[in-house]
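Reader: I would like to go through the ligand site and the aromatic pairs. Please keep to what can be computed from the atoms.

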Amino acid sequence: MLIGRPVDVKSSEITPESLYVNRREWLASAAAGAVALSVFGPAARAQDPQPVGRPFGLQPDDKPTPWQDVTTYNNFYEFGTDKSDPAQNSKNFKPLPWTITVDGMASKPGKFQLEDFIKPSTVEDRIYRHRCVEAWSMVIPWRGIPLADVIKRAEPLASAKYVAFTTLMDPSRMPGQQLGVLDWPYTEGLRLDEALHPLAFLATGLYGRTLPNQNGAPVRLVVPWKYGFKGIKSIVRMTFTDKQPKTAWNTQTPNEYGFYSNVNPAVDHPRWSQAKERRIGEFLRRPTLPFNGYADQVASLYAGMDLKKNY
Ligand SMILES: Nc1nc2c(c(=O)[nH]1)N[C@H]1C(S)=C(S)[C@@H](COP(=O)(O)O)O[C@H]1N2
Ligand SMILES: [Mo]
């Protein structure tokens, strides 16, 4: 794993398709793509990477969502609000070099270069379910490190109760920030015990490759039992605090998005039901699971809390 290098793409990714796939294969995949696109969205292509990683909390009928979908159907408002915008508009974004500031209530705050922040010895591949608050879902093979690793290194004080995250603020590099859709920069937060849970993950890769810009390069949060918007992208700051942090979506629309945002089929969004979800690439909707299928691991974090009130 080459963290800290701008490219570890195979030459196949940067060569025009027609130069390395034989013509018959290319025509077949293009035709299959065209048919599938009309019903389900883009189909898997022959040259796409194979998923790697240990499955976490997958159901028997879960299979990784094709690379093509994971990298072209994105929410990343810094690069536009349509699902296809981030892949298009982040093409020229150069994430490296990247500095992360760790500050607030911790004994070992500091500023780190990405390659010092993400210790290669703890990098692993994990396949997680992903549930967007918009009632669609995916299964995504991430590469990264447990969030607990960087938190423990920072040595938060006993008085710290939360960790806040902030996305890069740079409207010249993130053109969506020139528009007032959100109160930029995007922010998120977790209670410290949630952040220390072994499932909470900092991703620097996808499908065994360097994280594409549209998925939050060079480092983003993944909290698989929560709605996808908790997974803040392109993180530049982590702050330990004793106050519940402000979050981008809660600030924008407080009656629709709470701080916890645990996946909960029993609590509808004010404008739509959360009982079911559409798995990207599938036609029929499937039932949504409490905590997105991770209840056995995480429900105890919320013992005694009213999860209808604390959504
Ligand atoms: N900075 C930032 N992070 C973000 C978002 C965003 O708009 N900006 N969108 C969130 C939402 S709503 C989702 S569902 C996930 C999508 O991640 P993916 O595109 O890798 O699937 O990113 C989250 N992280
Ligand atoms: Mo989302």
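Author: A polar contact is a pair of N or O atoms within 3.5 Å. The model is predicted.

Reader: Which residue has a side-chain N or O atom 3.0 Å from a nitrogen atom of ligand 1?

Author: N75 has a polar backbone atom 3.2 Å from a nitrogen atom of ligand 1. At 3.0 Å from a ligand 1 nitrogen, the side-chain N or O atom belongs to T167.

Reader: How much of ligand 1 does the protein bury?

Author: The space that ligand 1 takes is the second largest pocket. Ligand 1 exposes 540 Å² when taken alone, and of that the protein buries 98%.

Reader: Why is the pair of W249 and Y257 edge-to-face?

Author: The whole structure has 16 aromatic pairs. Planes over 60 degrees apart count as edge-to-face. The ring centres of W249 and Y257 are 5.3 Å apart and the planes meet at 65°, so this pair is edge-to-face.

Reader: What is the angle between the ring planes of Y260 and Y302?

Author: W249 and Y257 are both buried. Y260 and Y302 also form an edge-to-face pair, with 6.0 Å from centre to centre and a plane angle of 85°.

Conventions
Residues are numbered from 1 along each chain as its sequence is written. Chains are lettered from A and ligands numbered from 1 in the order in which they are written. This is a predicted model: local features need pLDDT of at least 70, side-chain atom pairs count only at pLDDT 80 or more; totals for chains, interfaces and linings use all residues. Side-chain values use heavy atoms; hydrogens and water are left out. A polar contact is a pair of N or O atoms within 3.5 Å; within protein, one must be able to donate a hydrogen and the other to accept it, and residues adjacent in sequence count only if both atoms are side-chain atoms. Accessible areas come from the Shrake-Rupley method with a 1.4 Å probe; for residues, only the protein chains shown count as cover. On a 1 Å grid over the protein atoms alone, a cavity is a set of points where a 1.4 Å probe fits but cannot get out, and a pocket is an open set with protein on both sides within 12 Å along at least five of seven lines; lining residues have an atom within 4 Å of a point. A molecule sits in a cavity or pocket if more than half of its atoms lie within 2 Å of its grid points. Rings of Phe, Tyr and Trp (its six-membered ring) pair if their centres lie within 6.5 Å; planes under 30 degrees apart count as stacked, over 60 as edge-to-face and the rest as tilted. Buried means under 20% relative accessible area, exposed over 50%, partly exposed in between (1.4 Å probe, protein chains only).
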